[in-house]
Amino acid sequence: MRISKRSIHSAALLVLLGTATATLAQDSARQSATDQGQASMDRLESAIARGKEDAAHLPDPRLPRTDNPANRRRAFDGLHKRLAEPDMEARARAAQARGEAGLASERERQAKALRQALGLEPAEEQSLARASPVAAAKGWVPVLFVSSSMPISTLRNYAVQLEKVRGVMAFRGVPGGLKKMGPMAKLTAQILRLDPGCEGPNCIMRDVQLIIDPLVFRQHGIAQVPALAMIPGDPTQAYCERDDESPRATHVVFGDSALSGMFEEYARLGGKEEVSHAQALLGAR
C-alpha cells in the first residue's frame, strides 16, 4: 500500500509538535525547581536574620549570687538537718581504711620490686647470713665521706676496702633530691655489686652500708671528699634520731688516697688507737 505525501507531512508535523511540547515541559520543570530552590534559600536567610535579631535582644545569662549570707546559712542549715546514717558512715570509714591500707601495701610492694630489680634486696637467706651489725672492737667505725659526683670506679674500689674493715660510706644527699630515690638506688647497686655487669635481684652485693646523712657531714665540717673519720658508736643510726651533740670523730683526714694511707694519716694525727683494729683488718689476708 502506497503512502501519500500528505500523510508523510502530517506525521512529521506531529513528531515535531511532540518534541516541542516535551522541550517546553522540561524547561518549565527546570524553572519550577529553580524557583523553589530560590524560595528555600530566601526563607533560610530570613530565618537566620530573625535568629540574629532575636539573639541580640536576649538578656545575658546571670548566675545566682554566692555572697548572700542568708543563702549560705540556708544551705548549711540544710546540711545540718540531714538525717544521720551511722551505717553508711561506718561503711565509708571502713572503705577509706581499706583503701589507705591497700595503697600502703602497694607502695611497699613496688618499693621492694625496685630494690630487687636493682639488686639491693638479696634473697632472704642471704640477708640473714649478712645481717651482722656494724661495729668495731674499740667502738670506732670507719666512715668514708664521698659524693655521687665521684667516679664509679673510685667508689667501687673504696667499697672493696670498706668491706674488709666493716666501714660505712656516707653521702650528704641524694642525686636529684630526696623525692627521687631511683638514681640513688641505681648508684648504690653500681657501687656494691660484686660483678658490675650483673643485673637483677640475685646479684651478689658487698657487705658495706651506705648512708645518706647531712648531719654527720655538718658535724665534721666536711667540705671536700673523699674524707675519713673514725666515729664512735653507730653512725648508721638515722640522722633524724640524733642531734648535734651525738658522738663524733676526733680527727678528719682528707685526700684522694687508698684507705690504708688515710688510716696512717689518722694515726699520725693522734688517732693511732682508733684505727689500730681497722688497720689490722685491712692488712689481714
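Buried means under 20% relative accessible area. The model is predicted. In helix H6 (residues 182-192), the buried residues are Met184, Ala185, Leu187, Thr188, Ala189, Ile191 and Leu192.

Q: What do the buried residues of H6 pack against?
A: They pack against H5, strand E2 (168-171) and strand E3 (209-212).

Q: Why is Gln161 called buried?
A: The cut-off is under 20% relative accessible area. Gln161 has 18% relative accessibility, so Gln161 counts as buried. Gln161 lies in helix H5 (residues 152-164).

Q: What makes the approach of Gln161 to Asn157 a polar contact?
A: A polar atom of the Gln161 side chain lies 3.3 Å from the backbone oxygen of Asn157.

Q: Which residues is Gln161 in contact with, leaving aside neighbours within four places in sequence?
A: Gln161 is in contact with Ala258, Leu259, Ser260 and Leu282.

Q: Which residues have the most contacts inside the largest nonpolar core?
A: They are Phe145, Met169, Ile191, Leu259 and Phe263, in a core of 41 residues. Elements giving two or more residues to this core include strand E1 (140-146), H5, E2 and H6. Helix H8 (259-283) is also one of them. The largest share, seven residues, comes from H8.

Q: What does Met169 touch, not counting residues up to four places away in sequence?
A: Among them are Leu155, Tyr158, Ile191 and Ile211.

Q: How do you know that Cys198 and Cys203 form a disulfide?
A: The sulfur atoms must lie within 2.5 Å. Those of Cys198 and Cys203 are 2.0 Å apart, so the pair is a disulfide. A search of the whole structure finds one disulfide.

Q: Why is this disulfide called left-handed?
A: The torsion about its S-S bond is about -95 degrees, so the disulfide is left-handed.

Q: Are Cys198 and Cys203 buried or partly exposed?
A: Cys198 is partly exposed, with a relative accessible area of 21%. Cys203 counts as buried, at 1% relative accessibility. The cut-off for buried is under 20%.

Q: What makes the pair of Phe145 and Phe217 edge-to-face?
A: The structure holds one aromatic pair. The ring centres of Phe145 and Phe217 are 5.0 Å apart and their planes stand at 85 degrees, so the pair is edge-to-face. The cut-off is over 60 degrees.

Q: What does this pair tie together?
A: Phe145 lies in strand E1 and Phe217 in helix H7, so the pair ties together parts that are 72 residues apart in sequence.

Q: Why are Phe145 and Phe217 called buried?
A: Phe145 has 0% relative accessibility. Phe217 has a relative accessible area of 2%. Both values are under 20%, so both residues count as buried.

Definitions and conventions:
Residues are numbered from 1 along each chain as its sequence is written. This is a predicted model: local features need pLDDT of at least 70, side-chain atom pairs count only at pLDDT 80 or more; totals for chains, interfaces and linings use all residues. Side-chain values use heavy atoms; hydrogens and water are left out. Helices (H or I, at least four residues) and strands (E, at least two) are DSSP runs, numbered from the N terminus. Buried means under 20% relative accessible area, exposed over 50%, partly exposed in between (1.4 Å probe, protein chains only). A polar contact is a pair of N or O atoms within 3.5 Å; within protein, one must be able to donate a hydrogen and the other to accept it, and residues adjacent in sequence count only if both atoms are side-chain atoms. Contact means heavy atoms within 4.5 Å. A nonpolar core is a set of buried Ala, Val, Leu, Ile, Met, Phe, Trp, Tyr and Cys residues joined through side-chain atoms within 4.5 Å. Rings of Phe, Tyr and Trp (its six-membered ring) pair if their centres lie within 6.5 Å; planes under 30 degrees apart count as stacked, over 60 as edge-to-face and the rest as tilted.
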